[in-house]
Amino acid sequence: EFPDSLETYYQEAGRAGRDGKPARAVLLYRLEDRRIQRYFLLNRYPKVEESRRVLEAAAEPALIAELAERACLPKRRVQVIVRLLWDGHLLRRKGGGYQAFAESVSQDALQQAHSGYEEKRARDRQRIEDMMRYAESGQCRKQTLRTYFAEDAGEPCTLCDNCVRGDSLSTATAAGTQDVIEIHTPAGPIVTTAPETLPWGESPRFRMGERVWHPKFGDGEVADSVGGIVLVRFEKGRTRKIQSAYVTSVDTASGRTA
């Protein structure tokens, strides 16, 4: 799948060729990958309103499982929030469980407790943008990676797809044997000689908020739908990315699949 950062991609691609033999690392990329990665980024870290719900649930001492039930949040999510509130001195241990220090907590205090996560979210967002630029770039891949990791760009590698395509495109265009097409997309213009390979925006099968059913994971709610991919939030807040062909719409009125 499309990685969340160039660091991740470089580590994965670096596994190729370790035996000293020729190898090829291929990045599979579509324009809607940006939306999918941003969706997961948005839900990676706890939100301020979720922490407030946990604090309200901790008005009386309670175990994490009890806090999760009271706040209507996944247990794993509450574990992260409890640690955050503990580090921010907004929660204390009492009677084997956790209790809020005060009956009410200001919005500023909660924002301060979340400041570390906001910084992480900003760094993650920047890493995703850098990864997207790499995928869409027409420059030498090795030069792009060297620059990203604060090294000298050096000479073009002459081996990556952009170097090879650049040479082929220049030769074909000069000879008048290749049609070069510029297509404008939400991510910016794409210059290509093969427009049939681009994702032409398949119509999503499901609407956001629509109830669906999966044979393995059961009932869920559509969080996002992009082309042939649907993001479904199942019970206990678990979200999965699934091909829409394996998901069935549910008639909420009758409880039967449509």
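## Aromatic pairs, helix packing and cores

Tyr10, Tyr148 and Phe149 form one aromatic cluster. Rings of Phe, Tyr and Trp (its six-membered ring) pair if their centres lie within 6.5 Å; planes under 30 degrees apart count as stacked, over 60 as edge-to-face and the rest as tilted. The model is predicted: local features need pLDDT of at least 70, side-chain atom pairs count only at pLDDT 80 or more, and totals for chains, interfaces and linings use all residues. Residues are numbered from 1 along each chain as its sequence is written, and side-chain values use heavy atoms, leaving out hydrogens and water.

**Aromatic pairs**

The ring rule gives 5 aromatic pairs. Two of them are tabulated here.

| Pair | Distance of centres | Angle of planes | Class |
|---|---|---|---|
| Tyr9 and Tyr134 | 5.4 Å | 50° | tilted |
| Phe217 and Phe234 | 5.4 Å | 50° | tilted |

Tyr9 sits in helix α1 (residues 6–13) and Tyr134 in helix α7 (residues 115–136), so their pair ties together parts 125 residues apart in sequence. Helices (H or I, at least four residues) and strands (E, at least two) are DSSP runs, numbered from the N terminus. Both Tyr9 and Tyr134 are buried. Buried means under 20% relative accessible area, exposed over 50%, partly exposed in between (1.4 Å probe, protein chains only).

Phe217 lies in the loop between β5 (211–214) and β6 (218–226), and Phe234 in strand β7 (residues 229–234), 17 residues apart. Phe217 is partly exposed, at 27% relative accessibility. Phe234 is buried, at 8%.

**Helix packing**

Helix α4 (residues 64–71) packs on helix α5 (residues 75–87) at an angle of about 110°, with the axes 9 Å apart. Axes are lines fitted to C-alpha atoms, for helices over the stretch in contact, and angles run from 0 to 180 degrees between N-to-C directions. That makes α4 roughly perpendicular to α5 (65 to 115 degrees). Ile64, Leu67 and Ala68 of α4 meet Lys75, Val78, Gln79 and Val82 of α5. Contact means heavy atoms within 4.5 Å.

**Nonpolar cores**

A nonpolar core is a set of buried Ala, Val, Leu, Ile, Met, Phe, Trp, Tyr and Cys residues joined through side-chain atoms within 4.5 Å. The largest holds 25 residues; Val54, Leu55, Leu67, Val78, Val82, Leu85 and Leu91 touch the most other members. Elements giving two or more residues are α3 (48–57), α4, α5, β2 (97–100) and α6 (107–113). The most come from α5, with 5 residues.

Leu55 touches Leu85, Leu90, Leu91, Ala100, Val105 and Leu110, not counting residues up to four places away in sequence. A second, separate core has 9 residues, including Ile128, Met132, Tyr134 and Ala135.

Technical notes: Parallel < 35°, antiparallel > 145°, perpendicular 65-115°, else oblique.
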